[in-house]
Structure formats: C-alpha cells, structure tokens
Amino acid sequence: MEELKYFNSGINKSSSIESRLIDDYPPYIYFQPYVSLNWERMEVGICYSFHSTGSRYSLQDYSGEYLFDTRISSEGPAILFNFRVFQLSSFRFLVYNEIGLQKTKMVLDESLYLGSDEVFDESYKFTSTDFYWEPGVKVGYPVASLLFEVNVGYVLQSDGDGLEFQGARNKGFLQVAGENVHAGWNGLRLGLTIAINLTRMKNGGSTDE
Amino acid sequence: MNKRHIFSKVSISVILVVFILSILNEGCEFESTEVYYLDVEKTEGETPVAELSFVDSVIIIDRATLFEYSLNFLKQEVYQVVFYVDGRKIESKEESTGSVLLQLLPGEHLFEIVVHTSTESGSLADLVRSEVFTYTKSWTIFAEAEDAGQIQIQSVGQVEDSLLIEWERYPGYKFHSYELFKKTSSGDVLLYESFDVNYTSSFDPYFVGGEAIYFIRFHKYSGEQYDSDTISYTSYPGMIDLDLDWEIHNLSIAWPKCDFKSNFGSYQLSQNLNGGPAEIIYTTEGVNDTTLSINVGENQDLQYELTYRSNMPDAARSNNGVYSLGSDNISTGSFYLPKPFPAYEVIAQSKEPPFRIYTPEFFYDVVEDRMIQRELAPHNGLFDASADNHEFISGLSYYRGSGEEWTFFWLDKEISNLPPTIFENEERRACVTGSGVFIIESGSSSYLYSRKGDSVIIHYENDSLHWPVMSQERPFIVATDIENNKIDFYYGFWNYNGDNRFYDVAWMKSLKGTAGNYVFRNETQIAMIAGNQLEIRSVEAMTPEYGSGDGLLLSTETSASRVVETDPISNTLLACSADRLYVYDMTDLRLLGEIPNTTVYQKIIQRGPRQVAYLNSTVFYMDEGATQATSHTLPIEKWR
C-alpha cells in the first residue's frame, strides 16, 4: 500500500482544507476460506480470499464535515500448496505457497457537508486485477475433526497496469507524479485458520485423508 | 454409500458455506469511523470603509447613472457584490471596487447592494466560501425619463372670463419650478411662477384679446431648464365700427365687448385727425360701454383705433395687456351740420346774416342753431364786414391769402380791381355801411373806400380812425383817438371835389371811454363802456342838429370791461370781463344774468376754462376742460 499511502500524503497538500489523516491503510482482518486435499505430506487446495483496508482524512467543525475516505478491497481465487515439513507431537509444521488471482476494487469518496447541505460528495471507483504469490509457513494442530492453524506469509503481488478508473465514459489510471498507482497488497500476512477435516469427520478422526 | 445422499449432504454444506462466507466477507470490510473535530471560534464581522456614489437615502436620477463603490475590509475578503433593483438581481461583481450602470425605467425603485465577504473564521464553510458575512444597503431611487422635463402646454382657453393656460404636470422628481411666459413684441414676459409641482395652470391676467403666445419654462433643481413648444391663442372679438350720421354730424363708434371681463381694465379710443398725431379721445372702464357718439367736422379724414387694456397696473409694459382692435377710417366730406369749432382760434365774426365765425382754416355760417363749416384754406381769413342787404352793397369779405394770393369779395362776388393801399399794410378791421362805404383799418391808419361798380374807390387815409364802427343806414362813425384816449364821434357825408365824389367824415364830439369798446345798438345809439360805467348814448344827439349834446341815455355800473355785442332780437347786450360774461337788458341796462368762468372768444388769445362764442341770441360754448367748442346751444333766454 506504499503507493496509495504516498498518494494519500499528497491529498492534504493539494487541499485548502487542513484535514487530518485518521486512517492510513492499516492492517485489517481478512477472510480466506479454502478446500484442500491432504496426502501424507502434501496438501493441495483452492481458496477464496477477501482483503480490505482504507484511509480517512477528516475535519469536522461547527459548520460541517469534510471526509476523504478510501476503501480498497480485493478478492479472488487461489491455489494452495502445503507441504508438511515435520510434525512434532500433534503440531504440524508446514510451508505453503498460495498463488492466486485477485481483483482489487478501490473507492475514493470525498465529501463536504455544511450542516445538512451537501457541498460535494464525489466517489471514484478504481479496479485492478493482479496475480499474487504468497509463500509462508504455518503451524497446525488438529483437535478431533477440527484443525487449528496459524500461518505467516508474505504476499508478492505482480505489478499490473495499476488501478484503473471505472467511470461511465472516461477510462484512466490513478496516477501520482505521472506514474500509475498499484494496489500494492505486498506485505506480511498473518492468518488464523480453523479447518474441518471432513475425512476425519467421516472416519471418526482415525485417518488424515 | 448412497451417492444421492452424499450429494444431498454436500449441497447443504455448500449452501451453508456460501452463506457463511458472505457474512464473513461483509464482516471483513474495512470501515473507518473516527473523525477529526476541530474547535473553531466564530468571528465578528468588520465594519468596512465604504465609498459609495449615493450618499442620501433617496436618490433622483434622470438618465443612466453609474453607481460606483469602493469597499475596504481589513481582513475580510469580498466575495461578491450583488446589485438588486426592486428585488431583481441586475449584476454581481467580485471586486471590492467597481461600478454598475443603473438604467432604470421611470418610477420609484428600490436599489440594493449586498456584499458578501469571508468570515475569516477558518471553518470549513469559510474555507469553501460558504460562510459569509453579508452587508446590505439600500436606496430609494426615483428615476425619471431623460425627457421628463419636456412638458408641454395642454390647453389655453377661456375660463371664468379670463384666459386659463394649463400645462402637463412634470412626471419626474427633480422639480424646482414652472414659469409661464408670454411672448410679446418686447420680449418674453413672465406671467406666473410656481414652485409646486401640482400647480399646473395659471390665468393670464393681462389677456384681453388678440393673439397670445405662451410657453412653459421648466426648471429642475439641478439647474437644467427646458422650454416647451410655444402655443398660441387667438381671440379676435371683431372690428371697430364707424357709422356716420350725415344729418346730425354724428359719428357712432361701436366695438365688440371684451370677453375677458376679469382681466378687463378699460376701453381706450384714440383719434387721428387728418393725418395728425393720434389723440386719446375716450376712455371708459365699463366693459359694457361699447359705443360712443361724437360730433365730427366736415372734410375730415378720421382714423379711430380702439384698444382693450387689462386691469393690470403694468398692462402697458411690454405691450402686454393691451390689445388693439385695429383702426378704421372715415372721411366726413362736406355737410351742413352743427359741429365743434376751436373757439379760441376765432379771429373774426360777422354781425349780420350770414353770421360767420372765422378761424384760421375755416369759417362757420350760423343758421339758426347750427353752424356750417366752410372751407377757407388756403386762405387765412382776416375780417368780414357785412351790411344789411342793400342794393348797392350788402357785405364785404376780405381774406388775406398766403404769398401773393389775395381775394376781395362783395358778398360772393370777387372784385378784381383792388386799390393797392389795401395790400400795403396789415389789415385788422373793417366796417361797412349800407350805403356802400366802408372803412378798413390797416396798420396805423384807416382807409375809407366806396364801391363803384365792380371796383373799389379809395377816398382818403385817416390816421385817427382806430377801431372804427359805422352805423348801417345812418352816417355815424365811432372810433378811438388813441393819442388822447378818447372816443370820437364822426358824421359821414358825400363830398365833391370838382367832378370827383368822395366820402368825407366830420368830427362831432369826443368823450371819455374805453378804446374799442363800443357797439351800435341800432342806427342811432351806441353801447359803450367808460371806466366802470356801461352806457347807452345817442350819437344822433351829438349832431349840431340835435344840440351837440353828449347823448347819454342810460348808464349803469358794471364789472364788464368790454362790450361784446348787442342783440336787437332779444334786446340784450353782452359785455364781458376777463373771465365772466354779462347779459343786460338794453331797455334799462338791467343785468339779466352772467356766466362765470367764461371768456368771450372774440378777444381770446389764450384758452380759458370756459369759452363762449356768442352769435345772434345763441351761445356756443366749450365744455370745461375741452379743447374745442361744441355745437351745444344755449338760448340766451335760459340765462335768465
């Protein structure tokens, strides 16, 4: 999100409204259900992930309120490759790779209301579609047919064309200093997983398949 | 395992998973809820330093006007200056200094200027210029059309016996005054001035008739003035009418009545006689007095002009308030009617019919109570001596003409063979007898003449016969001895010197008396004044045949200084003093009556207050203050 943060930093400079940056693309919980097939050490699956974050410039006084909100989210399918490195007692140590396609949607919403009167309220939508690769490690612990996992990975997103404006007529890319701005989902990702082992549910938890 | 059962379970699981995913998806959407609140203090608006074209709250304009403004704030920024007229926005500006052109329809308008400035509070509304201080100032503007001053006279007409001029009310607001002017030959005359916009009419108190031209001069208080178009009004009441009554020498003059009674002052009639200067002969203040009857003389070219004059004291000024109906002419020609004559110019009279009075230009024959004017010009009548209708000589007329023209008449017959001595001296008097003898006093001498056929024979010169009078049928002559201050009584007789027959006189007696104051009462008696005594003496008694006495028959004390005339018909005697005429009964010299303030014309050199010409029992006299004797007759019987 570095490029977007950089974009954010220019917002205040170009405006006469001396608003304050309240949120600046903070880490935010994400949601990633998946289905996988397990072999002895190998696990292959597919997943769907949804990520979201945003920013806010805000200024409010007796006369009104100014907001400059950015909400960006991405969602898309991916393929999971988990490889169990070793197992200690019931703890499973795995490395994983997740390669997927993510479609990013970003909405810029700038509004100014004086009292209840709208001075302006403009929204701009941008999208981009990128591939990403997330290598990482995870530790799992099965309890009955449930499996609890904690994973740490790093997302590497391929640089596509950048965020493209989705206007009714105009097309273009979000740019800062002449350069297209990318969503920039790169970064460390922590996850907590609760999985259900359907095989173990069927067999009463006697086997991993 | 039953496959259908398995798929059924899987389907339920998928639906359940998708539902759960959806909920979780929504729950993972980033949402920012915090806001940054900045506590901003509200500010107070400044008092601007403003310079505006309009200072007063009420403005009057009469053309497109540029309204200029200049607004100075210490901190606040002028966003907008909006101008409204009658609530309608006409223009807005963003500059703190500028102008706006006001082009308003005539009428009353509300002009408002609204100024929006920043508040400089720093609030969001201030930053986006949505928070403003508003300043408002308004004026009432009376706009008038540029040609509002072009008011015109609406009507001129007769109202209430005067002339009313009405003009348009000034529709604008810059009223200062109206001025009503009248054009006259001497320039524009101010008739009326009004400082009240609602006073839009005025009478012309000077108008009595004719043509009048008016215009309104309107003044704005700003100094401009506008003259309206001129408008004329005419009222021609008619012409003067002259109607000459040839029977009675009377000229009736009539003129139309003045319609403008309220303005009327007087009628004034002037007369121009024979091309001489015009003279006002009649003035009346009665508006209904529209006729005048006057006596006129013969052979006169008369021109009359009737003038209306208004009752304004300064009516004559600038010919305002004076209207002339014009003039009309009339020539009287010849007629035989009583008429006025200039008594003071009478220089001679005849004692016997035809009674005549001579003036420098005319002589008048008196027939009964009428006088008939005869043309005398170019002669200057000098004397007339008439005797009774005698077979030999009944009258003598002599006129001295101008230059070398001389005329000498027996009655109406001109005598061409004139003795040269008549012309050598200045003739003054003549007397004639019924026997054809006459005496002419000329210069310091008198000459005795007699007629012989159509010629005149001169007998001799006598330097003692002054103011001679002769009896008609008897040869008695009375004259004045100037050197001895005596009255001489003579006896005339025919004498012969060989074959020549001539008339001679013989002295009989000299008595004390007043020079020239004697008149034959009849053939033998004379009335005369000696000192303060009026006497009647018998001349016949002075002859040797009657004992050469003094002939005194009657005597009475008198205030008269001169014997004027005796009248055998009424048996009266007229005598006069300097200013009074006395009438005596010749039978006993009893004073019958007297007319005061009267001077007898015969010896009049200067005019008196009341002048009388007496002839044959009739007195022709002048009205007091008049310049001519009139044809009024006063039979002498009435004096009694």
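How many residues of chain A are in contact with chain B, and how many residues of chain B are involved?

Author: This is a predicted model, in which local features need pLDDT of at least 70 and side-chain atom pairs count only at pLDDT 80 or more, while totals for chains, interfaces and linings use all residues. Residues are numbered from 1 along each chain as its sequence is written, and chains are lettered from A, with ligands numbered from 1, in the order in which they are written.

On the side of chain A, 31 residues are in contact with 21 residues of chain B (C-beta atoms, placed from the backbone, within 7 Å). Four strands of chain A each supply at least two residues to the side that touches chain B: strand 1 (20-24), strand 3 (42-61), strand 4 (64-88) and strand 5 (91-114). Strand 3 of chain A gives the most, with nine residues. Helices (H or I, at least four residues) and strands (E, at least two) are DSSP runs numbered from the N terminus.

Chain A as a whole has two helices and 12 strands. Of the contacts in chain A between residues at least 6 apart in sequence, 59% join residues at least 24 apart. Chain A has 209 residues, and 30% of these are buried (20 or more other C-beta atoms within 10 Å of the residue's own; exposed means 12 or fewer, partly exposed in between; C-beta atoms are placed from the backbone).

Strand 45 (residues 572-576) of chain B is largely enclosed by the rest of the structure, because five of its five residues are buried. T572(B), L574(B) and C576(B) are buried on one side of strand 45 of chain B, and L573(B) and A575(B) are buried on the other. In a regular strand, side chains alternate between the two faces of the sheet.

Strand 45 of chain B has antiparallel partners (strands pair if DSSP finds at least two bridges between them). Strand 44 (residues 562-567) of chain B is joined to strand 45 by five bridges, and R562(B) stands opposite C576(B). Strand 46 (residues 581-585) of chain B is also joined to strand 45 by five bridges. There, D585(B) is the bridge partner of T572(B). A hairpin of four residues connects strand 45 of chain B to strand 46 of chain B.

Chain B also holds an open sheet of four strands in the order 36-37-38-39, with antiparallel pairing. Strand 36 (466-470) and strand 39 (500-512) of chain B are its edges, since each pairs on one side only. Strand 36 of chain B meets strand 37 (residues 476-481) of chain B over three bridges, and V469(B) stands opposite V478(B) of strand 37.

As for confidence, the model scores ipTM 0.85 and pTM 0.46. Chain B averages a pLDDT (the predictor's confidence in each residue, from 0 to 100) of 78, and 75% of its residues score at least 70. Over residues 401-406 of chain B the pLDDT is below 50, and this stretch has nine contacts beyond near neighbours in sequence. Residues 601-611 of chain B also stay under 50, with 29 contacts beyond four places in sequence. Where pLDDT is low, the predicted coordinates should not be read in detail.

Technical notes. Contact = placed C-beta atoms within 7 Å.
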